[in-house]
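Let's take a walk through a structure together, one piece at a time.

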Amino acid sequence: MQPYEVTLVVNGTARRVRVPARRLLSDCLRHDLGLTGTHVGCEHGVCGCCTVLLDGEPVRSCLTFAVTVDGREITTVEGLAGEDGMSPVQRAFAECHGLQCGFCTPGFLCTVTALLRDNPAPTDEEVLEGVSGNLCRCTGYQNIVKSVHRAAELIAEEG
Amino acid sequence: MTTRLFGEPVQRREDPRLLTGQGRYLDDLGQGAAAAAFVRSPHAHARIRDIDVSAALDVDGLIAIYTWEDLPARVGQPLPLLIPHPALTHGRTALPLAKDVVRHVGEPVVMVVATDRYLAEDACALIEVDYEQLKPVVGIEEAVQGAQLVHEDVPGNVGAHLVQEVPSTTGTSAREAIEGAPHTLAFRLDIERSASMPLEGRGVYARWDGTDLRVYSSTQTSTSVRMAIAAALNLPLPHVEVIAPDVGGGFGVKIVHPWAEEILVPWAAMLLGREIKWTEDRREHFISSAHERGQVQHVRVGFDDDGVIKGLDVTILHDHGAYTPYGIIVPIVTSTQLLGPYKIGAYRVEFTAVYTNTVQVTPYRGAGRPQAVFCMERTMDKIARHLGKDRTRVRAANFIGPDEFPYDQGMIFQDGRPLIYDSGNYPEMLRMVKELVGWDDFEPAPNRGIGVGCYVEGTGVGPYEGGHVQVTSDGRVHVSTGLTSQGQGHETVFAQIAATELGVPIERVSVVTGDTRRFGYAVGTFASRAAVMSGNAIALACRKVREKALRIAADALEANPDDLEIDDGLVHVAGAPAASIPLSTVAVLANPLRYAFDEEAAKATQFSGAASPDKPPVAEGEEPGLEGRDYYSPIRSTFAAGMHAAIVETDPLTAEIKVLRYAVVHDCGRLINPMIVEGQIHGGVAQGIGGALYERMVYDGHGQLLNASFMDFLMPYATEVPHVETAHLETPSPLNPLGIKGAGEAGVIPVSAVIAAAIEDAEGFAIDRMPISPSELFDLRTASRPAQGTAQGTAQEVSRRPEPPER
């Protein structure tokens, strides 16, 4: 299988990688670049565990071939924290017990990061809509919704 | 700073790593390991005529292909039957790779190892297995007919049959009591299959260095996987270590072990001398792990004018799928936990566990209790309706009183011990849930209904768990226990227990679970047992450490140990904080040294003057180090309880079902961390909502699972789960030092019963089959119209709600 050389700008760093055309972006991130924070729950685009930000927008990395995103900016869960530590979204999930086993969490964090960037003060309905593409089997979502509102507060407080 | 952390909503210690992508789940390990993949049966029932691997041999990166023929005798034998029971007369387990016959779609037939998973799957696709298809057995009723057999040597497809009778106090049998009762009802209930469905599937990663085997598995029991691997591979136990890394949810399915893959992957790693990893994909999880719930129940009940049950006779048909590796725990739990918080005059329960050509059935969160509670609570509602009484009054009339504990239900529970409830307060709990949901103020309206459901859950089953606690000379406290974690927050709650017991800041406490290198004796995480079992074991181990620390500190401070306290990691004389010694120094003194490696250590060396020259450095009966190990082994289970209530609204046109309110009152004894307990309840209720309204395993007549993907198996998203309102009652368990009961499964248990009750209340006809979809509700409406006959399945039921408006 002919490999292709692509450059992915992952969490701000250009990473060059040789991948076969069929290599999923999720597998490329996890196994070629060692960024195992992006998880794979279904490999058919339903659970949302593998959600990463592609040029800032949430995408299913399990439905994306790595070769198709040559030169693009990708943010994974490993890239959400800043120099001062965890991002407001990450801190809100910790504070509100928005995770249990943590497997779906990276997908939620990426999704919510984009959601709050586009809509800094979402209503309950907008939060539900915003996270309705991500499955969680542990939390029952109640504390995830709470986390999103709390993250919005933290972002507003911290400017 | 307080160190009394027991009962506080402490933030989780696990979260920073899980929130930053630093978790270590199974597939995050072993980068560069060879990958295993499996050829699995596409047929539900077939004879294997031939396996032709020749086309796969040219696949680039192929390392090995194995069929059953390649397995040595020990490896190729049937997987263990983990929980034998005298009633399981025809227990059957699978071979690691199928030999002659496959008995469900998804059964592993060939294992392929290649340099990566893509290539391993390429090879799988080129392997041709020639099957002679046999007629499959699908569905409980087809299995019971016994016209076709799943196992040739299991007549009638009956794996187990068990009758349990608890006569009344006057010796009347259940059937006699029913005959003699003023009122009787008979009906049938159905519950369909669902599954644990953790977002991380199973997975195994094995490393062999020529002497030692290290296996990582996404399991709920690393200690038992270790013993199973050592036995199957004929390795000395000390040369096998098994580690459960971060596990992405379990919910029961991962207590099954050893999976075929847990034997085959380490075996191949040893044989090939290289690291091998297998990560389950989602379709594999649907068709080759385990399901649960499927039962048909036939109920007869006799009761008096107050609704007091005189006799209850339940016959259960339990679908066990193709194999019974976990024995008959699920139907045993259904049979025993059916009694709930009630005193039943006389009880007879009979179950028949039958084989079908479908995925095997093993416990899924709740483990037979959702079916049990559905049965009992539907029964209570039917009695209330028959008598025209409030449903909560009928329940109250049957409750065990708060002064009747310990209460002996006269049966044998899943741990082989008497079903004796330790403590509880059911009338108070009912009062609380009625208040929380507004039961008495509920205004009946068309298409709006309210329902309630009660349960008792045996938690914290034995036989034991252990804890090891070590204080090192830097003042840090290292806690380990053998059972595993799948998101329950054990690192946090066990640290809370240790910090409280030892009087140290929680920041200094670290907890390791599920790693046999740290703790080799354990049972596993299931049956809402981890907090009860390991929590108490760790508390007991801490008390040993504390006692030793006080003894050593008393020597150093020339004080009486009884006058000493530990606060914030400092041992001091009560009321005299100046006379103190840090726990770190106590740890140094506990371990007499010859060699100093730092200033603290120097205090314990031979010329430091710390030890009396007239005594041995390690006194008789003592051990070096400030550490302790202890075990907690309970006489029997603790019994948590809960009551849920819901208000639902059904769409008059589309029959869509919306849960408007969901209230939970929960009693798991003393709460270690209320935030975590609430989280467990929320998650359980969400799974319950899935089981009540959305999730089912749809098999066709050929035994094909038609909805084996997240596209078609409808797990609830955030948009489907109602807000859960909770209240807690704390009746401590008298059985353990911490007074705690388990909480892990609670949330899921009564949900189907509660939702069915609320829909029934909204619609006016019986809801006797769960889950229920809008189309099914629509069909029930159509069938319940007077012109077209009576309510399905329950001739005795009388509609008391107006019909939905004409469309």
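**A guided tour of two chains**

First things first: what you're looking at is a predicted model.

What share of the 159 residues in chain A is buried? The figure is 58%. Now think about contacts in chain A between residues with a separation of 6 or more: 60% of these involve residues 24 or more positions apart.

Chain A can also be split into domains. The assignment gives domain 1 (3-79) and domain 2 (88-158), and the C-alpha centres of these two domains of chain A lie 22 Å apart. Where they meet, domain 1 of chain A puts in 16 residues and domain 2 of chain A puts in twelve residues. On the domain 1 side, the elements giving two or more residues are strand 3 (51-54) and strand 4 (57-60) of chain A. Strand 3 of chain A makes the largest share of that side, with three residues. And what kinds of residues does domain 1 of chain A use to touch domain 2 of chain A? They divide into seven nonpolar, eight polar and one charged.

Next, find the place where the two chains touch. This contact takes 46 residues from chain A and 41 residues from chain B. Which elements of chain A give two or more residues to it? They are helix 2 (88-95), helix 3 (105-118), helix 4 (124-131) and helix 5 (142-158) of chain A. Sorted by class, the side of chain A that touches chain B has 23 nonpolar, 18 polar and five charged residues.

Time to move over to chain B. Here the domain assignment gives domain 1 (32-134 + 196-288), domain 2 (295-462 + 635-788) and domain 3 (463-632). Notice that domain 1 and domain 2 of chain B are each written as two stretches of sequence. The centres of these two domains of chain B, taken over C-alpha atoms, are 35 Å apart. Between them, 30 residues of domain 1 of chain B are in contact with 25 residues of domain 2 of chain B. The side that belongs to domain 1 of chain B has 17 nonpolar, nine polar and four charged residues.

Now zoom in on a sheet in chain B. Three strands form an open sheet in the order 22-23-24, and the pairing is antiparallel. Which strands sit at the edges? Strand 22 (564-567) and strand 24 (576-582) of chain B do, each pairing on one side only. From one strand to the next, the twist averages 35 degrees. Strand 23 (residues 570-573) of chain B pairs with strand 24 of chain B over four bridges; Val571(B), for instance, has Ile581(B) in strand 24 as its bridge partner. Helix 14 of chain B lies across strands 22, 23 and 24 of chain B, and runs at about 115 degrees to strand 22 of chain B.

Most residues other than glycine have a negative phi, and most peptide bonds are trans. Ala527(B), though, has a positive phi, near 50 degrees. Ala527(B) lies in the loop between strand 21 (509-513) and helix 14 (530-557) of chain B. Ser528(B), in the loop between strand 21 and helix 14 of chain B, also has a positive phi, of about 45 degrees. Are these residues buried or exposed? Ala527(B) is buried, because 27 other C-beta atoms lie within 10 Å, and Ser528(B) is buried with 30.

As for cis peptide bonds, one joins His257(B) and Pro258(B), with omega about -15 degrees. Pro258(B) is in the loop between strand 11 (240-243) and helix 7 (260-272) of chain B. Another cis bond joins Met770(B) and Pro771(B), with omega about 0 degrees, and Pro771(B) sits in the loop between strand 29 (769-770) and helix 19 (774-784) of chain B.

Conventions. Residues are numbered from 1 along each chain as its sequence is written. Chains are lettered from A and ligands numbered from 1 in the order in which they are written. This is a predicted model: local features need pLDDT of at least 70, side-chain atom pairs count only at pLDDT 80 or more; totals for chains, interfaces and linings use all residues. A residue is buried if 20 or more other C-beta atoms lie within 10 Å of its own, exposed if 12 or fewer, and partly exposed in between; C-beta atoms are placed from the backbone. Two residues are in contact if their C-beta atoms, placed from the backbone, lie within 7 Å. Ala, Val, Leu, Ile, Met, Phe, Trp, Tyr, Cys and Pro count as nonpolar, Asp, Glu, Lys and Arg as charged, and the others, Gly among them, as polar. Domain bounds come from an automatic or database domain assignment. Two strands pair if DSSP finds at least two bridges between them. Axes are lines fitted to C-alpha atoms, for helices over the stretch in contact, and angles run from 0 to 180 degrees between N-to-C directions.
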